[in-house]
Amino acid sequence: MAGAGAYGRKSAHSQPNCSKSGLGPGPGPDQPIITCRLLRSLFTPLIQTLRGPILSSSSTSPLIQRRVERPRSTRSLPSVYMKFTCLSKGGNFYFPPCHIITVSGFRILLDCPLDLSSLMIFSPIPTHAFSNPELPSPDSVDQKRQKHERPIDSSELIRAQPWFKTVTSLHLWNVPFIDVVLISSPMGMLGLPFLSRVNGFRAKIYVTEVTARIGQLLMEDLVLMNKEFRQFYGCEESGLPQWMNWEKLESLPSLFREIVLGEDGVELGGWMPLYSADDVKGCMQKVHTLKYAQEVCYNGTLIIKAVSSGLEIGTYLSSPVLEDVKDNSCYSAPTSQKSSTLSADNDQEASAELLLSTSESLEEMEKLNFICSCIIDSVKAGGSVLIPIGRLGIILQLLELISLSLEASSLKVPIFIISSVAEELLAFTNIIPEWLCKQRQEKLFSGEPFFAHTQLIKEKKLHVFPAVHSPNLLKIWQEPCIAFSPHWSLRLGPVVHLLRRWSGDENSLLIMEEGVDADLALLPFKPMAMKVLQCSFLSGIKLQKVQPLLKILQPKFVLFPEDLRQLVSYSDTNSHAFFYYCENETLPVPSLKNSSELEIAADLVSLIHCRRLTAESIGIGRLKGDFSVTHGKHQLHSGSEQADSSQSRPPLLHWGSLDLERLLAVLEKMGIRGSVEQGNSDTDSENARVVHVYEPNKALIEVRENSTIISASNESLSSLIFEAVDGILSGL
């Protein structure tokens, strides 16, 4: 419990955001480029070999060591393109999944959400004061447990300032080592201030400009709604609150304990007090916004493009492409139905979107029309309607359909939106045409507003206020009415006050989303006479649409949650491979190809002198130049200091088998005497042959399968022995 709320410790070894490599000058306008293909399976171990020390001195003695490296066999080396770790599978639209992928040495965090459904274990602000603002003290834990065998009562809700549940597994990662954060939706952004305020956080945060603005407004609204709790309960205690004491946790109902601790009892460390307005401001200063269809390149390697996902306004699919823009390797989040508020991209994505929207969009419209019919019935009966739905696209469409239904029924009923950020949010939707569908974009050229709420406000049919106690709202308030207000958890914001007002009216209507535990959400307001309508809206694709979608997209690899393995069928004839992942397990994903292209300047090509490796059936050669990676392309340019090809250079890499008898003969000619013995290396488990040199000074030569180590008492003797080995082995 001492570690609750800690994302990670500050590290002095954090990686910088940008690498200094790849900053060499590009080719001139008259300098041709020649493209060659590098075999990844050979190139990687050679780089690893050349990174080893060629000359190193011991810290405990003046012994001089030289290492002669020989390449290992590379045919069985695995080629891993990406490592995928699922930190959280999420729960619904309001709690999207959270993943970390490692590509080309970079760690990328995909979304940083909050589990706001966990707020339901707290009691909303009461209308009367309690003698004890914490949990009621039971006579004993045993009596409390016996009580919990009966249905949960509202008195068992935690009466304290709420803490917020973050992605617990993210706390186990070293935050300074995260290089990039990709945010795909406003809901995936709500936990970001917890991360960005950690000491050592240096990651670049990429968000679409629409998601960034909407996400900022939602975070600011969350801070303001939570402020009401702080005013009621007073300043927060230092350390952990009383309800997190183990005795208090044990006295909670089993449902509450599972929400607090998780199924495995390890999620207590994910609870944190809400961030402040300053934390939100500091977080937004670190955000890099992307315009619609904009591409950015991170560190010359990862290409990130903002593409509409079809889920909500401003949400996008992040597509980091490795090494080459032609590689077509990308990570994509799941898409949903085509909404009337969203736009499509290229032909392939439009085809997939059309496939998903043929039946689902009609079904969604039928749901919205049914909701409107229920609203009209409730209003006609003299009841009011409360809608705490948090989806911006659904709210905009409901406003249009409700106004049409009221007009068709000749009803004059006011519509209220009560939220601290509603006015700014509605105004913002009128300046983002690129994120809207073609039908709404066409209104831009005809001078019409994109959405109906603009005209409804002008006609005073729609009224927007920041709070329920706004003086102007009290002046024009009338019932029955239709009210949109946060928060969907029914624990924060104006919805609490309105629900308490109408919960006893059997003609009034509350509209909630499915996926929310209605019994738990409505617990503080029971008994209720108010009608409740729960509706489901798509947040992804249906399982029966998976195979048709894959047939259109033709991916090489498909990642599915493990619990969907039995629900998704596939044939052996499919061109794509399926991988299944679980939470908190790292899944390696193979590379799509075993080679990469390297563009070499023409004046450098003439300097290449290759030597053939008969064992590998390829040739290798040394070349000096400035290496750069720009927008996924590898390039080698002429360096500022070119080595003279006629000048001899010591080999950096050797291959072949070292004949010790021949080595002794060569050393004999140099005046160096030694003897051979079979031995076992102290630093390696493989057998090593050892040559002891005893004249003119002592030295040791260890010959292993992949390297030869020369240990001598002085530099000159080490150089002579190295020269002898170099003359026997083939070098480069």
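Trainee: Where is Ala293 found?
Mentor: Ala293 is found in the loop between strand S11 (287-290) and strand S12 (295-298), where helices (H or I, at least four residues) and strands (E, at least two) are DSSP runs numbered from the N terminus. This is a predicted model, in which local features need pLDDT of at least 70, side-chain atom pairs count only at pLDDT 80 or more, and totals for chains, interfaces and linings use all residues. Residues are numbered from 1 along each chain as its sequence is written, and side-chain values use heavy atoms, with hydrogens and water left out.

Trainee: What about the phi of Ala293?
Mentor: Ala293 has a positive phi of about 65°, although it is not a glycine. Most residues other than glycine have a negative phi.

Trainee: Buried or exposed, then, or partly exposed?
Mentor: Ala293 counts as partly exposed because its relative accessibility is 34%, given that buried means under 20% relative accessible area, exposed over 50%, and partly exposed in between (1.4 Å probe, protein chains only).

Trainee: And what is phi of Lys460 near?
Mentor: Phi of Lys460 is near 60°, a positive value in a residue other than glycine. Lys460 sits in the loop between helix H12 (453-458) and strand S17 (462-465), and with 66% relative accessibility Lys460 counts as exposed.

Trainee: Switching to peptide bonds, which kind is the one from Glu479 to Pro480?
Mentor: That bond is cis, with omega near 5°, and Pro480 lies in the loop between helix H13 (471-476) and strand S18 (482-484). The bond from Pro486 to His487 is cis too, with omega near 10°, and His487 is in the loop between S18 and helix H14 (494-502).
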